[in-house]
Amino acid sequence: MSFVDKLSEKLLPIVSKMNNQRHLLAIRDSFIITMPLVMAASVMVLLNALIFSNAFVQQWIDLSFLANLASIVNNGTMSILAIVVCYNIGWNLANHYIRSGEMNDPAFSTVHAGVLSVAVMFILMPLKSSVTLVDGSTAEATGVFLQSLTSSSGLATAMIASIVGTELFMKLAKIKKLKIKMPDGVPPAVATSFNSLVPETAVILLFAIFVFLLDKFTGLDFPSLIELAIQTPLKAFVLSVPGILFLQFFSDFLWVFGMHGSSILAPIRQAPLLQSIQENMDAFSAGKEIPNIITEPFTNAFGLIGGGGCILPLVIAILWVSKRQEQRQIAKFGLTTCLFNITEPVMFGLPVVMNPIYMIPCALIPSINLVIAYVATSVGLIEKTVAAAPWITPPVIQSFIATGGDVKAAILTVLLIILDVFLFVPFVLAANKGRQEGAGELG
């Protein structure tokens, strides 16, 4: 048994269990649902920068009065991400228990779990908030929920509220003594609501008591506690160069073993990366300095050229120097899909997965690209990312959109593709040589 086979034998069961873990799965699927909202906000940010507030355009026609459109769209997209994610985690987790047969009581439903999750999330928010008035002064206000708590900044609170709230709801819904017996003839919907009334009320009261005691004995609110204990350290790790390189390498490492690395690691990296791109979008819209280099669009534009493992340059290298007809055929077929960051035809058709030759560059080259792009951004050669393009956007166009229309970022992507092709060439030639030697032995 080869080293690759031994490693795969040990790794696959662990990663498979992670990929199917109910809480991580619920979080991952909930983030996927938010993508249209993120894209819509990104489109408006780009329109605002390139057209509505663009000095060149204003020489011909003044569209600055449309700039508020970006803020209006932001209110219904990025500013409510935590609420959307919270509801969907509760819904997805409840759906898992129902579909698996672990919970078959009608009192426990996906909708009730989702609504309860949102209720718990708002219970965990502080009673008083510091708000900035129109004149720039600050004041303490009650009955106000800050966008910093309902947007991507509040995702940690949202995830904890939905997971713990749904788990408690399920445990309590199983206790028959907590059910209210309704007389015959009561509509099923009404009976179901009454059966879930006691478990949901108990969950709400438990969280309310927790928040009350936390404030009473520590003076802290729950979001502040989470930020100190979890969110700040996690964000610092994910948005650091060592952190993002580790996550990128591990993601591509999983890919070459046939596992969707991006999806598996999404629960860990998605919240900090969403928060970082929202901070960039807000700063860009306000004309302020962009704070973050590392964002989700940054890793997509420069670390996933042609999809996981940077498959597009590999395809080009095969079409350039490979003499193996079967690989050339797969490369020709996969070229179109890789232009839209769909890698599966090449990953599993070439294959890259479990291939000792192609596994090495596909696991390492994306991280090399990120280092180069990070240095180029930090020294000001290219702009920071301020928008999220759809994941199927072709590589060069994606970096152009993500950086708010920076041509230099698009040129850097072209140069990275050329560099990656040359990095892949020795491995393609090695694959040719291996095939020729194997044919000689067989012959």
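Which domains each give at least three residues to the lining of the largest cavity? That was my starting point today, on a predicted model.

**Entry 1, the cavity.** The lining answers my opening question: domain 1 (22-245) and domain 2 (259-441) each put in at least three residues. I wrote down the lining residues as Val 241, Ile 244, Leu 245, Ile 294, Phe 298, Leu 370, Val 371 and Tyr 374. Helix H12 (241-255) and helix H18 (359-378) are the elements that supply two or more of them. I then sorted the lining by residue class and got 8 nonpolar, no polar and no charged.

How far does the model trust itself along the chain? I found a mean pLDDT of 83 for the protein chain, with 88% of the residues at 70 or above. Helix H6 (residues 110-123) has the highest confidence, at 94, while helix H1 (residues 3-19) has the lowest, with a mean of 60. I also checked residues 437-443, where pLDDT stays under 50. That stretch makes 0 contacts beyond four places in sequence.

I ran the search over the whole structure and it returned 4 salt bridges. One of them pairs the side chains of Arg 22 and Glu 167, at 3.5 Å from N to O. I looked up where the partners sit: Arg 22 is in helix H2 (residues 22-52) and Glu 167 is in helix H8 (residues 155-173). They are 145 residues apart, so I filed this under links between distant parts of the chain.

Last, I picked Ile 330, which belongs to helix H16 (residues 325-338). What does Ile 330 touch, leaving out residues up to four places away in sequence? I got Pro 345, Val 346, Gly 349 and Leu 350. For Gly 349 I also noted the C-alpha to C-alpha distance to Ile 330, which is 6.7 Å across a sequence separation of 19 residues.

Methods. Residues are numbered from 1 along each chain as its sequence is written. This is a predicted model: local features need pLDDT of at least 70, side-chain atom pairs count only at pLDDT 80 or more; totals for chains, interfaces and linings use all residues. Side-chain values use heavy atoms; hydrogens and water are left out. On a 1 Å grid over the protein atoms alone, a cavity is a set of points where a 1.4 Å probe fits but cannot get out, and a pocket is an open set with protein on both sides within 12 Å along at least five of seven lines; lining residues have an atom within 4 Å of a point. Helices (H or I, at least four residues) and strands (E, at least two) are DSSP runs, numbered from the N terminus. Ala, Val, Leu, Ile, Met, Phe, Trp, Tyr, Cys and Pro count as nonpolar, Asp, Glu, Lys and Arg as charged, and the others, Gly among them, as polar. Domain bounds come from an automatic or database domain assignment. pLDDT is the predictor's confidence in each residue, from 0 to 100. Contact means heavy atoms within 4.5 Å.
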